[in-house]
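Please open the model in a viewer and keep the selection panel at hand. The stops below are given in the order in which they may be selected.

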Amino acid sequence: MCLSGQHGALARDIAREVGLAVDFDLGSADDGAPARSSGPGPSSLSTSLARLLERLSTLIASVKPAGVVVQGDTTTALAGALAAFHGGVPCFHVEAGLRTTSPLRPFPEEMNRRLVTRLAALHFAPTEHARENLLAEGVADAAIHVTGNTIVDALAQFAGAGSRSGVGVATDAAVSDAARPTILVTLHRREGADAAGAIARAVLELASAADVVWIRHPNPTSSAALAALGGDSRVRVLDPQPYVAFVSLMRRARVILTDSGGVQEEAPVLGVPVVVLREETDRPEAVAAGNAVVVGGDASAIVRACRELLGDRELHDRRSRVTSPFGDGGASPRIARAIAGYFDARG
């Protein structure tokens with residue numbers, strides 16, 4: 001189990017919370033985490049990728065693993081897949097096959113995952129739609145396993161934990177006025193940087209009708225949007241939350257505003273409508289299920305979508321039906337069996 005350091009303390013906190021034993025933490029070196037370059041531009045991405053690739057290649061050469069599992073579409077996932085290829089080790093891609101119509105949306109994640117696909121030996125697609133994307137790109141059917149997404153596994157395991165004593169209490173206190181609905185906001189993707197001001201204006205307009213809780217993310221997009229809020233006291237800004245506490249906040253929300261792929265997968269299971277702050281989603285299953293609507297970064301579209309959900313109970317009820325388009329909570333054992341089968345077939 002290796003933490004690359006790309007998400008620093010956030011990843012360490014999550015690992016500790018869910019009880020993952022971390023064997024290697026490449027972000028604990030005294031020269032800082034691999035992705036701490038300033039700014040969201042190409043230079044910082046290239047620097048991060050180069051540093052991650054060097055460190056992961058060194059680790060693979062030292063440990064000599066039978067295989068490397070990478071998850072998602074981060075710079076870490078790309079570096080891990082490429083380092084495995086360079087080391088002659090098979091790579092297994094969890095959350096494979098997510099796509100949009102443009103390699104720039106989201107940037108750089110869309111291209112990251114397309115490149116990982118070219119490097120992976122097995123592809124664990126969360127949905128049938130993701131499988132079809134892979135087949136359309138020429139991936140062999142035998143190399144694709146539709147497993148569901150592991151985030152649904154995590155949600156099934158930890159969703160009820162917020163009721164345990166002492167867990168999430170401080171966070172839940174942030175949602176204090178039961179007479180008003182709560183809008184939960186998260187924003188972090190680079191593609192949202194240009195719309196950060198418009199998103200902040202929309203949130204301030206919505207704050208007159210709802211309690212707004214905004215989860216801060218340690219990156220420039222989030223910082224720009226929060227700066228545009230101007231410290232308005234109607235928006236409660238919280239630091240990144242432990243997973244159980246964040247699930248509790250999602251469950252309490254009337255509407256979630258987000259550009260997060262993970263939240264688009266979790267919210268349908270919790271029965272909470274999602275307004276997606278992106279021009280295109282790589283989770284169209286949530287839209288097809290009726291739980292999500294894509295509005296991009298246009299302030300008027302954001303306000304209109306939220307007001308409709310706040311004011312139309314029938315619409316809200318339709319959009320908040322509990323569904324699980326991204327799996328049944330059994331992705332992890334399916335992935336483990338497929339990897340075991342891969343090695344069994346090779347003796």
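The model is predicted, with local features requiring pLDDT of at least 70 and side-chain atom pairs pLDDT 80 or more, while totals for chains, interfaces and linings use all residues. Residues are numbered from 1 along each chain as its sequence is written, and side-chain values use heavy atoms, with hydrogens and water left out.

Now display both helices whole, α8 as residues 196-206 and α13 as residues 299-311. Helices (H or I, at least four residues) and strands (E, at least two) are DSSP runs numbered from the N terminus. The two axes come within 8 Å and cross at roughly 35 degrees; axes are lines fitted to C-alpha atoms, for helices over the stretch in contact, with angles from 0 to 180 degrees between N-to-C directions. The crossing is right-handed, that is, the near helix is turned clockwise from the far one by less than a right angle.

Is α8 mostly covered or mostly open? Of its 11 residues, 8 are buried, meaning under 20% relative accessible area (1.4 Å probe, protein chains only). Among them are Ala196, Ala200, Val203 and Leu204. To see what covers the buried residues, show elements including β7 (182-186), β8 (211-215), α9 (220-229) and α13.

Next, select Thr150, which is found in helix α6 (residues 150-158). Thr150 is buried, with a relative accessible area of 17%. Which residues does Thr150 contact, leaving aside its neighbours within four places in sequence? They are Gln71, Val94, Ala331, Ser332 and Ile335.

Finish at Tyr342, placed in helix α15 (residues 331-344). Tyr342 counts as buried at 14% relative accessibility. Beyond its neighbours within four places in sequence, Tyr342 is in contact with Pro90, Phe92, Ala121 and Leu122. Draw a distance line from Tyr342 to Ala121: their C-alpha atoms are separated by 9.2 Å, although the two lie 221 residues apart along the chain.

Technical notes: Buried means under 20% relative accessible area, exposed over 50%, partly exposed in between (1.4 Å probe, protein chains only). Contact means heavy atoms within 4.5 Å.
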